[in-house]
Amino acid sequence: MVKRKDGGGLGHLPTVIGLMGLVGLLAVADVDGGYPVVGGAAKLGLSSNPYRHRERVVRRVESLKASLAAGTAPSPSPPISSRSRVYHVTDYGADPTGNTDSSAAISKAISAAFRDPSDRVLMAGIADLGGAEIHLDGGSYLISSPITLPATGGGNLKIHSGSLRASDDFPKDRYLIELWASHSSASDSKGDNDSTDYNYEYITLSGLMLDSNFRGGGIGIVNSLRTTIDNCYIVHFTSDGILVQSGHETYIRNSFIGQHITAGSDPGEKNFSGTGINLMGNDNAVTDVVIFSAAIGILISGQANTLTGVHCYNKATGWGGTGIYLKLPELTQTRIINCYLDYTGIVSEDPVQLHVSDSFFLGDANVVLKSVKGVIKGVDIVDNMFSGGGNGVNIVQLDESNGKFSDIDQVIVQHNVVSGMTLRSTAAKASLDGNGSVWTVDFSPVLLFPDRIQHVQYTLLANSAFPNHALRNTSGNQVVIETDVAVAASVHVAVDQSVASIG
């Protein structure tokens with residue numbers, strides 16, 4: 001039992017108290033086995049059972065006595081290699097007020113995080129940094145050169161919680177944060193879109209405000225694997241808010257991107273330029289992202305990308321803007337689900353395997369299918385809502401200025417809800433009542449493709465007679481049914497342009 005100082009006992013009380021910590025100090029109070037004082041512990045929300053505290057203290061003190069008697073340290077300090085892997089940029093001289101250039105200081109913090117990686121690796125050649133963090137401490141930092149990672153590569157790293165702003169002499173062809181191994185220039189360092197040589201893996205950029213100061217872009221990612229951009233706000237770019245080239249599986253989510261800080265109806269909207277997100281790689285996902293000013297919201301030239309919950313009101317179609325532009329003829333493989341196209345629509349060149357569903361198109365926003373080589377296959381545009389101003393704008397349009405679509409297969413446009421715009425579909429039904437021998441049902445106002453009815457199903461319901469009847473013609477998207485005698489009847493017709501090719 002530890003005695004009061006005037007009662008003798010252990011001779012190294014300050015050392016013992018320091019090792020015991022706060023709980024032991026609060027629990028040890030009385031002499032000769034009396035109950036320890038527990039009021040302080042109770043105030044801290046700790047257990048107030050005096051016997052449990054007393055027993056713990058006794059065991060701890062006996063252990064300390066044995067250690068001291070043996071001349072060994074009771075509990076050695078953690079080795080240097082176990083120190084925190086959180087690197088605060090202010091510790092390396094970064095200025096959180098943004099008054100002086102912090103480029104070099106932030107670079108030092110990143111170099112420290114990469115200095116002594118473990119022997120573990122992620123993908124071959126990519127060192128596992130163990131979850132190291134570059135912490136910006138809520139500061140706003142002025143930088144005159146891009147924030148880059150060592151060219152040797154690495155992964156399992158997070159950069160977060162602060163703001164970066166480009167200085168007036170920041171290079172105009174660069175990005176505030178660059179994840180690629182060569183940093184000579186943006187144009188020189190972009191990799192082959194088919195490259196499988198990854199430089200970085202599992203890098204997370206989170207809680208960042210990036211202001212490009214109209215000098216280049218926000219984030220550039222090349223040949224990186226499993227990158228996450230989460231809860232970022234990227235503004236004042238002139239090229240791309242975010243560029244993703246090659247690599248694999250970049251996830252962009254819960255972020256806001258705009259060339260100009262606005263909330264719509266901006267007087268300078270017609271002058272918006274740049275691209276919010278430029279996906280030049282495969283298998284990426286953009287989820288719950290708002291793009292509020294740019295000439296193009298999302299430009300996609302890679303395969304198998306997914307967009308969900310994206311809200312584009314970047315630059316209205318009337319000013320020449322595009323919400324989502326799919327520029328990968330014949331290799332589209334893109335899914336656009338539950339998105340909001342706000343006065344700016346979707347354009348897809350020679351779409352092959354394109355899915356658009358459960359999305360909302362406002363202000364005459366629509367889908368344009370653009371012919372490059374005349375190929376359109378495996379397209380689903382279904383279950384969307386379109387709302388316009390009553391100007392007769394088609395919800396889905398064919399741009400055949402470069403030539404007609406000639407290779408058409410499995411194109412399904414149907415089950416869309418339309419208000420104030422013109423419905424277009426690849427399937428339609430109609431009924432016609434009359435008295436005669438020729439029945440013509442015109443589907444040209446609604447069918448998407450001209451002169452392309454592949455399947456017809458009809459019923460002729462005569463009031464009394466039993467005439468012979470036949471389907472005679474479908475040219476011009478008009479279905480002509482003829483009876484051998486004049487008869488009073490109702491004709492019900494269903495047509496389809498989306499029938500798959502057989503053989």
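Let me start with disulfides: a search of the whole structure finds zero of them. Keep in mind that this is a predicted model. Take Cys312, which is in no disulfide; the nearest cysteine sulfur belongs to Cys339 and is 7.3 Å away. Cys339 is likewise in no disulfide, and its nearest cysteine sulfur is that of Cys312.

Now the protein as a whole. There are 503 residues, and buried residues make up 46% of them. The secondary structure comes to five helices and 34 strands. The accessible surface is about 23000 Å², and carbon and sulfur atoms account for 50% of that. If we take contacts between residues at least 6 apart in sequence, 63% join residues at least 24 apart.

Where does Ile203 lie? It lies in strand β7, which covers residues 200-211. Ile203 is buried, with a relative accessible area of 0%. Leaving aside neighbours within four places in sequence, Ile203 is in contact with several residues, including Leu149, Leu157, Leu179 and Arg226. Gly154, Gly155 and Asn156 are also among the contacts of Ile203, as are Thr227 and Thr228. Lastly, Gly131 is 72 residues away from Ile203 along the chain, and the C-alpha atoms of the two are separated by 9.2 Å.

Conventions. Residues are numbered from 1 along each chain as its sequence is written. This is a predicted model: local features need pLDDT of at least 70, side-chain atom pairs count only at pLDDT 80 or more; totals for chains, interfaces and linings use all residues. Side-chain values use heavy atoms; hydrogens and water are left out. Helices (H or I, at least four residues) and strands (E, at least two) are DSSP runs, numbered from the N terminus. Buried means under 20% relative accessible area, exposed over 50%, partly exposed in between (1.4 Å probe, protein chains only). Contact means heavy atoms within 4.5 Å. Accessible areas come from the Shrake-Rupley method with a 1.4 Å probe; for residues, only the protein chains shown count as cover. A disulfide is a pair of cysteine sulfur atoms within 2.5 Å.
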